[in-house]
Amino acid sequence: MTSYISGAVSLQILLLIAVISHVSGVLKLTVTPERGTTLIISSTQAKDCQVCTGSGRSRQCAASLSLKDNKRVPLEFECSKPQDAFRVEIVLNIECTTKSCSGHIIQADAGSQPLQDFPRRFTWNIKAAASKAFKLDFTETGLRQIKSSERCPDKHTYSLRASQTTGNIVVGKYCRGGTIRSAQILNQGGLSLDVPAGQKLQHGQFDVSVGEDIKSLARISLTLPGGNPSSSELLSPNYPDSFPDDDVMEWYFQVPDKFKADVRFLNVTQPQCLKKETAVEYHSKERGALVQSLDNPQPKQVQGSFLLTLRNCEMDRRRAHSPGLSLNFEVSASRTSSPVLCNVDLSKTEGLSLHVDNVRPDSDCEMKMNSETMEHVTVVSKGELSFQDCFPGDVQVTATMVIECSHLKDCPKTPVELLVPLLPPCLPAPLSRVTWTLRPAEDGTVKLVSPTGPLKQALPGQPCNDSILIKMDEEHGPTIGLFCPKGAIQNVLVHNNMSVTWRSSMGREALRTYFKHVLTATFETEIRERYIFTVSPSRDTPVLVATPGWPVGMKSLSTVSWMVSVPPKMEAHLMFANLSQPKCNNGHTNIRVQRVGSPEEDYSRREDEEAESELTVSESFYLNMSNCVPEKGDFGVIIKITLQERTNVLLMIILSVVAALLVIFAIVLVVVCMVIRKKKKQLSHEVSIYNPAGTNFLPGQNGFPKTREDNESHVYDTIEDTLVYTHLLKKGAEIGINGELDTYQSFAGHTDSQKPLASKDSSVNDKEAHQPYRFSSQGPPLPNRPLSHNQPMVSNEIYQTENQSEEESFPKLGPRLEPEGGN
């Protein structure tokens, strides 16, 4: 408890430890301000009396003194009766965030006996979050407003203050014990308590919290008591001075059940206005909004709680002695026992009936029709009604209307408007429900269209935020659905007797201007389905529709169709959610989708087939569902329809083919590159060398032998597979080399992995001299390089067998030719 009070920084605001002594007419005492508070001692008689602190050279005296920081301070008052010259104020600051406030107002005055002889003011400055209000709760004690000249019986006077950029505004002065239960002030302000000298402070607590979202200077809430007639007198801010320019003040009155309130202006002064006009507004759930001039008589016998708003204009203050705006008014509550007469005439509307039911039989409400007491009143044409002690919560007012025709030719040829009837305001409660019963011919259909725009079905994920609901039912049968404005359902066709029920939670005044024309009904020829809905989805908003009766399943053997309009270059995406299928005793359920004008169905599933959860339709289409005779379970589903841009199928196919070809090409390219790289890697290790110096060797660590002064222009690094030595020999033949050089045969002797053998003593016979070249099967052919005639061709001693002599090798072929591609 101690931590709570310390955190709240209560009006235990001041722990004063005082030591008093009278020496030569000087009052001495020692004070210790409570932490977080500021103690201000001020005098209006500065020349005659001062308050001093310190001693010796540090002694200071002044007409006012401000103390804080919870430190002991000795004080001396240099006059014989400082209580008559000084005034004490204890100040505490409280700040509120958007969720909570830093403290509460706790009236406590522990151990302040010396300062009890001084006039004291306890002040709580409260600051709300930006553009918010703070709230003070006076429920425990209650407050009543008084005029500035009045005094409270217990000598404790409270003042409410609002702080604005133009200065402080006194919302009002109050005493304990009254009908005021709370106060809300916008932005910042405060509460102060004045206690006269010698008066002991009464303990108490007022809670401080974050207020509501108000748009006025302040809002005072009152609860008018029941029992004997009682009244509350109230004053405008700054009374008797003017209320601020172009500002708003609010009072909320909570009227007990079975009581009515009267508002009476006692004193009014009005300003000269430059802009706007002064006015008083009354807001209540039962009556709606009522705007009154300050000159007109104010409402009498107001039922239920209401909000009274005082609005000021932009005043012309240039004129001398301009009175401004001030208001003194009285609100009283009393219980009336006199009956309220109400004449109802429905003769101009054929088929309309009015019903007034007492829904609280234990109440004191007494209803009469033509002087006969009734619990349930029904007016068909005309009736004289009276209500005594009947309040909005005691009765329910409804209306019904029947529109029927036995043959189609007898049905109305023009559309029938389903209108909310305008009832007299003397009824104790507003109209809450209207039901139209529509009975077409046996071979007829009822078509319903909303004159204010398409309807939407109230479903999970698609709620109706309006206070207006339209329920469609089959007469004595299942519910079709619950609907409200602002949707995509253009019209509804029902092949059966049906009823339309309009419900409202709005007040009486709002009903007169908000929604008069509910639906338009037309009687048409028979349709094959039991229900048909025409739906026109919007491009940006998904539409939810459900089978009739949802969440209850469809009626046995009933059918329903949705005609869905899809704009050009768009397609509809269907998603079936919450699909429930029964076990059929007779027949099958069926879900079918067929485009308009198409002879074939795009989709069809029975209950014993696996249904797809999503489907896309590229044109306007019919969605048809039919039920079987269920043995177990129900048939029902919610369908979500979403419009989207149509996909170009041909373009998608072409792009897919191109993409596939690109992928194949990339794969082939990678494979080719890998093969070439592998072959080059092999060639870099196994290479056939044409060496004109006559020495054969294998590639490896030994490197190439250097001859002709290291001129390596005739050395082949690699030999391509596609080239053969005969390419060079053919060119050699052109310059006189004989022999058949156009045949390439593998070499049966040593491979490149062996050291080549060369014998100078060997010779070849004439037959061998004309044999084709023989190469190693592992050695690649020479590359195609350009010929050079600058150097003679040397004898070819490559790939000689181990037993072959020099004479057995090929004869000299004349001058050496540089192979093509040489360096």
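1. Let me start inside the protein: Phe-138 and Phe-206 are both buried. Keep in mind throughout that this is a predicted model. The two rings make an aromatic pair of the edge-to-face kind, with 5.1 Å from centre to centre and 85° between the planes. Where do Phe-138 and Phe-206 lie? Phe-138 is in the loop between strand E11 (133-137) and strand E12 (143-146), while Phe-206 belongs to strand E17 (residues 204-210), so this pair ties together parts that are 68 residues apart in sequence.

2. How many aromatic pairs does the structure hold? The count is eleven. One of them is Phe-77 with Phe-86: the ring centres are 5.1 Å apart and the planes sit at 70°, so this pair is edge-to-face. The cut-off for that label is a plane angle over 60 degrees. Phe-77 and Phe-86 also belong to one aromatic cluster together with Phe-118. Are Phe-77 and Phe-86 buried or exposed? Phe-77 has 0% relative accessibility and so counts as buried. Phe-86 is buried too, because its relative accessible area of 2% falls under the 20% limit.

3. Strands of a sheet pair through backbone hydrogen bonds, and the pairing can be parallel or antiparallel. Here, four strands make an open sheet, ordered E19-E28-E21-E25, with antiparallel pairing. Which strands are at the edges? They are strand E19 (230-235) and strand E25 (302-303), each of which pairs on one side only. Within this sheet, strand E21 (residues 260-269) and strand E28 (residues 326-334) run antiparallel and are joined by nine bridges.

4. A side-chain contact to pick out is the one between Thr-501 and Thr-435. Their side chains make a polar contact at 3.2 Å. Thr-501 sits in strand E43 (residues 498-504). Thr-501 has a relative accessible area of 7% and is therefore buried, given that the limit is under 20%.

5. Now for the surface. Which residues form the nonpolar patch? They are Ile-653, Val-657, Leu-661, Ile-664, Val-668, Val-672 and Ile-676, and together they have about 610 Å² of accessible area. Take Ile-676 as an example: this residue lies in helix H4 (residues 649-683). Why is Ile-676 called partly exposed? Its relative accessibility is 43%, and that label covers values between the 20% limit for buried and the 50% limit for exposed.

6. Most residues other than glycine have a negative phi, and most peptide bonds are trans. One joins Tyr-239 and Pro-240, with omega about 5°, and Pro-240 is in the loop between E19 and strand E20 (248-254). Another joins Trp-550 and Pro-551, with omega about 10°. Pro-551 is placed in the loop between strand E46 (543-546) and strand E47 (559-564).

7. Lastly, a look at two lysines. Lys-155 is not a glycine, yet its phi is positive, at about 60°. Its place is the loop between E12 and strand E13 (157-164), and at 48% relative accessibility Lys-155 counts as partly exposed. Lys-569 likewise has a positive phi, about 65°, without being a glycine. Lys-569 is in the loop between E47 and strand E48 (570-580). Is Lys-569 buried or exposed? With a relative accessible area of 66%, Lys-569 is exposed.

Key. Residues numbered from 1 in each chain as written. Predicted model: local features only at pLDDT ≥ 70, side-chain atom pairs only at ≥ 80, totals over all residues. Heavy atoms only, no water. Patch = residues over 30% accessible without salt bridge, like charges linked within 9 Å, V, L, I, M, F, W, Y side chains within 5 Å. Areas by Shrake-Rupley, 256 points an atom, 1.4 Å probe, with all protein chains shown as cover. Salt bridge = Lys/Arg side-chain N within 4 Å of Asp/Glu carboxyl O. Buried < 20%, exposed > 50% of the residue type's maximum accessible area, 1.4 Å probe, protein only. Phe/Tyr/Trp six-rings, centres within 6.5 Å; stacked < 30°, edge-to-face > 60°. Polar contact = N/O pair within 3.5 Å; in protein donor to acceptor, adjacent residues only side chain to side chain. Pairing = 2+ DSSP bridges.
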